[in-house]
Amino acid sequence: TLTLDGIQALLKHLNLEETIASFAVADIKSNPLDIYQCRLAEILVRLTNCEEQAAYDSILLPNESGDLTVVVPRLRLQNIKPREVVADLKQKFPPSPLFANPIDDGINLRLWFSPVTLARLLIPYIRDRGASYGKSQSADLSEAHESISVPQKVIVEFCSPNVGKEFDGNHLRSTVIGAYIASIYQFMGWDVCRMNFLGDWGRHIGLLAAGWSRFGSEELLKKNPLRHLLDVFVQVNDLLRHEQEEAKSRSSQDQENVVEHSTTSTEKDELFRRLEDGDPDALAIWTMFREACVTSYTDLYARLNIKFDHYSGESEVEAKTIVEVEEILKEKDAYMESDGAWVIDFEKHGYKGQRAAIARFSNGSTSYLLRDIAAVLERRNRYSFDKMIYVVSAKQDTHFRQVFNALELMGHAQLASKLQHVSFGKFQGLSPRPDSGGLLLSDILDQCQGAFEEFLKDNPGDFAELREELATSKLLDNLTASGLMTQELSIKRGSTFTYDTAKMADMNSDTGLTLQYWFTKVDSKLKGVRIVHEELDNADYSIFTEDAFSDILRLLIQFPGIVKSSFKNLESSTIVTYLFQLTDALDGVLGDEEEAECSNLNLAKLAFFECVRQTLENGMQMVGLVPLRAE
Ligand code: ARG
């Protein structure tokens, strides 16, 4: 791989007798744009005598046309008018193989890269970086956690559906966003643990168990576990509501009568208590539920190319850790008894506007909050993570603030600073079929798959080559995953996600389908192509004077900066929007003629397409997509 010296040698080799000053913040080993920026900064220092850092910082990506802009007032030159500096710089700018003549733009100086040099520099650079093109060397990008300067261990907790309940839009959004976060961390060199925190404990499990004795069937559970558990849950929940309504109307008729708890309600509490006490019979039923869920979900996630390293769950939290948490809270005078329940008192400890939160209910069972706090301690012991990310809807903002603040109260401020809640907004367009009893992940996947089945039927010419080489189911699965995931990945986390299968399978707008389509087009153009590095030196690069080609090079060089920004903000749309720009531009350069032959004439062009493929591949993979390839 290219070292710093290697890059200097490459420049020399290209007859660029230019040395590159290395700025501390610059990252020319991972970001080729920095070569230009450093070189330009050096010229600015030489011509104006400004400070080095000011020179570097004055250079931005232009909003309009051009490749780089020097914002002259940022050079902080005393007693000279920016416009005069611009005119002077334009006049004195030394001839350079890297840049075309600069353009006067008011108080800015605008620069264009010379396209042929750009090609000669960038193509070997990307080929050398290969699968890591886009990866930053310095990983100190996370502003919230500045102490982390090298990639380490990260837990990404996502999806986390509840046993026996619906799989809703929040779970879907968490699944897709979580897969992206895990993938980009992995790409950046982190050791990633993908964790699913099942809602497999709590009072709803007591209710599910109460339902099982009335409506459960082992046969139906075997056949379709998630559907059957949901059916049981819905039925017992209806029963509970019915009993509660009756009790209410009875008590309003006769005010003297104390409201009696319905039988299902007492039974559910009793069953959950037995579970928390470790009753073997109750646990046996619970184990059956859980195992059925894990097996089913594993298969469903595989359809999205997602694999969890650990199926954790609320049940995993041990009683002794919970007691430990409660003792520390008491010690710190933050744990209060209130109507028989135990609450964490935040307000008393200076957390303004944060109300006390229940940790233990009056019947003695633990709350979601208490289990989440204890889970952090257990995961710290088990994984000694450097960072843990929870990918959960913004609706749980308060919950996570409580978890983090409780840890601070307990004296674990440092541990709390390693935790991050990555939230997302609402969703629409996802609803169960009226007769189905509730939404499941399988419903969503089947529905999307149906749309892509239609697409393949209606467009027999598309993906023609892959249809011959791949099993239909494989092609279909991949298109379904890409289509569904890209719809989510192309919007900002905070905005509302609109699930729309018709749009997913549309070739005329920017979708997962179009990403795969263009990837396979470039890939098939390169079929059988092997380029020897040395031969590339003597290739003909004149084609890059054409705008259609040089515009794509201008996009390719921006990729590492795009990735860096996506990683910093954990916004997949930064990358996906970029990939759409790239694929949209491909129409102009991908002729239909066969060019697999490595003649001197098209060698550079083929190498260019290799770089396009590599960038697309890296970009797709780091958001969690699997580029479609013939086997
Ligand atoms: N099971 C929860 C739900 O469906 C999400 C769990 C999120 N993770 C956590 N550590 N609390 O709402």
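## Cysteines and a domain interface

Let's start with the cysteines: the count comes to 0 disulfides, where a disulfide is a pair of cysteine sulfur atoms within 2.5 Å. In general, a disulfide is a covalent bond between the sulfur atoms of two cysteines.

| Cysteine | Nearest cysteine sulfur | Distance |
|---|---|---|
| C293 | C159 | 11 Å |
| C448 | C159 | 15 Å |

Are C293 and C448 buried or exposed? C293 is buried, with a relative accessible area of 1%, and C448 is buried too, at 0%. Buried means under 20% relative accessible area, exposed means over 50%, and partly exposed is in between (1.4 Å probe, protein chains only).

A quick word on the model. It is predicted, so local features need pLDDT of at least 70 and side-chain atom pairs count only at pLDDT 80 or more, while totals for chains, interfaces and linings use all residues. Residues are numbered from 1 along each chain as its sequence is written, and side-chain values use heavy atoms, leaving out hydrogens and water.

Now for the domains. The assignment, which is automatic or from a database, gives domain 1 (4-113), domain 2 (202-277) and domain 3 (442-623). The C-alpha centres of domain 1 and domain 3 lie 32 Å apart. In this pair, 9 residues of domain 1 are in contact (heavy atoms within 4.5 Å) with 5 residues of domain 3.

What holds a charge pairing across this interface? The rule finds 1 salt bridge between domain 1 and domain 3, meaning a side-chain nitrogen of Lys or Arg within 4 Å of a carboxyl oxygen of Asp or Glu. The side chains of R554 and D67 meet in a salt bridge at 2.7 Å, N to O.
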